[in-house]
Amino acid sequence: MLLATSDDLLRATVVRLVAAAGVDVSVESDPAAVLRTWAAASVVLVGVDAVSALAHLRPSRRARVWLVGEALTDDAYRDALTCGAEGAMRIPEDESHLLRVLTDAGDGDSSPALTIGVMGGSGGVGASTFATAVALSSSLRFATVLVDADVLGAGVDHLLGLEPGTGVRWDALLATGRLSGRSIREALPRREALSVLAWPQERRPTITEGVARDVLSAVVRGFAVVVVDLARHSDPLTDEILPRCDLVLVVTTTTVPALVAAARTVERVSGVEVGLVVRRRRPGGLEAEEMGRFLGRPVVAEMNDQRGLDEDVGLGVGPLRRARGPLGRAANRIVEVAAAKFAGEVLR
């Protein structure tokens, strides 16, 4: 990005925000030097002190030009319009807005990620395990992050065997403000090719809607696929993420009580596309097609229980040690369906 100013205080403020956004900045005080890099810069910030001289040169029209400074006078506004500015930001009052502009520019024009939410139709159906399996399967083909949004769950880091305290977790993101996709991608811990956003070991911090919105905005810019382990209960985190999902998978077993509970869950998930994942724990029970008709949602995957799953998780090798087992095949099926459905729209 380009900053046109000779104001030391403004320069220091912008450099600090640029560092937080994870982008590079070129600072120029000479109007002629500004014009040489004007068209190529991802964002142009014109200081109040420089806008008059630059307006006399009548630079070419382009997007993402902003007037920045403390004393935004009427003359400065008129000169900014001549420069093609799309708005003005008063510093320091509008620092959060400026940081948002910078982080969006740092992430470029890439398409947002495909966001898949996974939720249990009832308790104890293995929704977290299935979310982890889908994320692992997706990471073999796409840049994928697994987001643990279930504050009362066991934790996806335990399912993956991540070492306690490794990498950035939810608590480290509470006071960071606007995040760039690149910065969050580099900060999160990984299990092989899969990035993971998990809860801290010692406590479960309260996540506000604002934090949830900023974090989700960063991960959908930083990855191709976002898989979210959603809570069944309503809380600010789940309520913020749920409407942003492209697809929500409701995991259910084949008993009548599970079907009744799943119906309530499906009713809650409105306004987004919902698919059913049917887990058959033992012979008998309801048929998957019958459950789909009752719930009014398509069955996108069906699977039997996988032998040795608890042992694999206990050993820290994750739920996809047996990639060709029932869980692995069902997870692969979800990735194939999602990739085909959203190809050309969000996956990259």
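**The strands around β4**

Let me start with a pair of strands: β3, residues 44-47, and β4 run parallel and are joined by four bridges. Strands count as paired here if DSSP finds at least two bridges between them. Helices (H or I, at least four residues) and strands (E, at least two) are DSSP runs, numbered from the N terminus. Within this pair, Gly47 has Val68 of β4 as its bridge partner. To get from β3 to β4 the chain passes through helix α3, residues 51-56, in a right-handed β-α-β crossover. Right-handed means that, with the strands pointing away from the viewer, the path from the first strand over the helix to the second runs clockwise.

Before I go on, a word on the basis of these values. This is a predicted model, in which local features need pLDDT of at least 70 and side-chain atom pairs count only at pLDDT 80 or more, while totals for chains, interfaces and linings use all residues. Residues are numbered from 1 along each chain as its sequence is written, and side-chain values use heavy atoms, with hydrogens and water left out.

What lies on the other side of the discussion of β4? Four bridges join β4 to strand β5, residues 87-90, and these two strands also run parallel. Val68 has Met89 as its bridge partner in β5. Together, β4, helix α4 (residues 74-82) and β5 form a right-handed β-α-β unit.

How many of the five residues of β4 are buried? Five of the five, residues 65-69, are buried, and the strand is thus described as mostly covered. Buried means under 20% relative accessible area, exposed means over 50%, and partly exposed is in between, with a 1.4 Å probe and protein chains only. Val65, Leu67 and Gly69 point one way from the strand, whereas Trp66 and Val68 point the other way.

**Backbone details in the loops**

Two residues in the loop between α3 and β4 deserve attention: Arg58 and Arg64. Arg58 has a positive phi, near 45°, in a residue other than glycine. Its relative accessible area is 64%, which makes Arg58 exposed. Arg64 is likewise not a glycine and has a positive phi of about 60°. Arg64 is partly exposed, at a relative accessible area of 28%.

Pro92 belongs to the loop between β5 and α5 (95-106).

**The second largest pocket**

Rolling a probe the size of a water molecule over the atoms shows where empty space is left. The second largest pocket holds about 210 Å³ of space. Of its 14 lining residues, the closest to the centre are Asp7, Leu9, Leu10, Gly69 and Glu70. The largest share, three residues, comes from α1. As for the terms, the search uses a 1 Å grid over the protein atoms alone; a pocket is an open set of points where a 1.4 Å probe fits, with protein on both sides within 12 Å along at least five of seven lines, and lining residues have an atom within 4 Å of a point. Grid points are joined across faces, edges and corners, and a volume is the space filled by probe spheres set on the points.

Gly296 follows α12 and has a positive phi, near 70°.

Eight strands form an open sheet with mixed pairing, in the order β8-β9-β7-β10-β6-β11-β12-β13. Its edge strands, β8 (190-191) and β13, each pair on one side only. Inside this sheet, β7 (residues 144-148) and β9 (residues 194-197) run parallel, joined by four bridges, and Thr144 has Leu194 of β9 as its bridge partner.

**The chain overall**

The chain has 14 helices and 13 strands. Of its 348 residues, 53% count as buried.
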